[in-house]
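Morning, everyone. Let me put the model up, and then we'll walk through it.

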Amino acid sequence: MDYDAVVLDNDGVISTMTDPAVMIRAVRDAFGDLGVVNPDQEDVEKLRYGVTPDILQTVADRYGLKPGPFWFRRDMRSSLVQEREIRAGRKALYEDVGSLSDIDQPLGIVSSNQHRTVQTILREYQMEDQFETVYGREMDVQSLHKKKPNPHYLDLAIEDLGAKNPLYVGDSETDVEAAVAAGIDSVFLRREHRATTKLDVAPTYEIETLEALPGLVST
């Protein structure tokens, strides 16, 4: 099938995943910023990845924190540590990202990471001109309601690209779910860190490397 645009997730697709230990430290630092010096490890883990508004509210209430300021500190700390990882080369581009240059259709990015983090990746690796539209999350609580599997940011990117038949590429079930919700086809990229991942929703395609993507876009 011929697609008229390709939108990609970032983490695990374009750039490597951030070391979990680094993200744990960021969450702990966010607690510390607001005077909580020894948060429970389970609560720290809950705020590392896959945070929902309910999870945030529950953890914030446990420590007498306001969700809004707490989440801003969490997101800011998380973005700052990721920016350091990017500049140190530890959060790098996958080697097969060069395959995107073989795609003639316009490209976009939709990530559940912070928008400033995605911008840093593109700037540091000189990829800003390769993507016509880029969406990450704003650093506020409302963004938790709008992130994938909600297709909010994906819909905005599709509109920006003026696409009628776009393809979305991700490495998680929420990526596939967002594509389904947006009414578009999806690609599940099964990299090494997703080798044993089982999906409850079927993607349109499954590939192991971005080298296979150009062939899917125009077949």
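Start with methionine 76. It is buried, with a relative accessible area of 13%. Buried here means under 20% relative accessible area, exposed means over 50%, and partly exposed lies in between, with a 1.4 Å probe and protein chains only. Methionine 76 belongs to helix 4, residues 67-87. Helices are DSSP runs of H or I with at least four residues, strands are runs of E with at least two, and both are numbered from the N terminus. Beyond its neighbours within four places in sequence, methionine 76 is in contact with Arg116 and Met139; contact means heavy atoms within 4.5 Å.

A word on the source. This is a predicted model: local features need pLDDT of at least 70, side-chain atom pairs count only at pLDDT 80 or more, and totals for chains, interfaces and linings use all residues. Residues are numbered from 1 along each chain as its sequence is written, and side-chain values use heavy atoms, leaving out hydrogens and water.

Now the sheet. In what order do the six strands run? The order is 3-2-1-4-5-6, in an open sheet with parallel pairing. Two strands pair if DSSP finds at least two bridges between them. Strand 3 (133-137) and strand 6 (205-207) stand at the edges with a single partner strand each, so one side of each has no neighbour in the sheet.

Look at strands 4 and 5. Residues 166-170 and 185-189 pair in the parallel sense over four bridges. Leucine 167 stands opposite aspartate 185 in strand 5. Serine 186 is in strand 5 too. It is buried, at 3% relative accessible area. Its contacts, leaving aside neighbours within four places in sequence, include Leu167, Tyr168 and Pro203.

On to the rings. Rings of Phe, Tyr and Trp (its six-membered ring) pair if their centres lie within 6.5 Å; planes under 30 degrees apart are stacked, over 60 edge-to-face, and the rest tilted. That rule gives four aromatic pairs. Phenylalanine 31 and tyrosine 63 have centres 5.1 Å apart and planes at 65°, so they are edge-to-face. Phenylalanine 31 lies in helix 1 and tyrosine 63 in the loop between helix 3 and helix 4, so the pair ties together parts 32 residues apart in sequence. Phenylalanine 31 is buried at 0% relative accessibility; tyrosine 63 is partly exposed at 23%. Tyrosine 135 and tyrosine 153 form a tilted pair, 6.4 Å centre to centre with 35° between the planes. Tyrosine 135 is in strand 3 and tyrosine 153 in helix 7, 18 residues apart.
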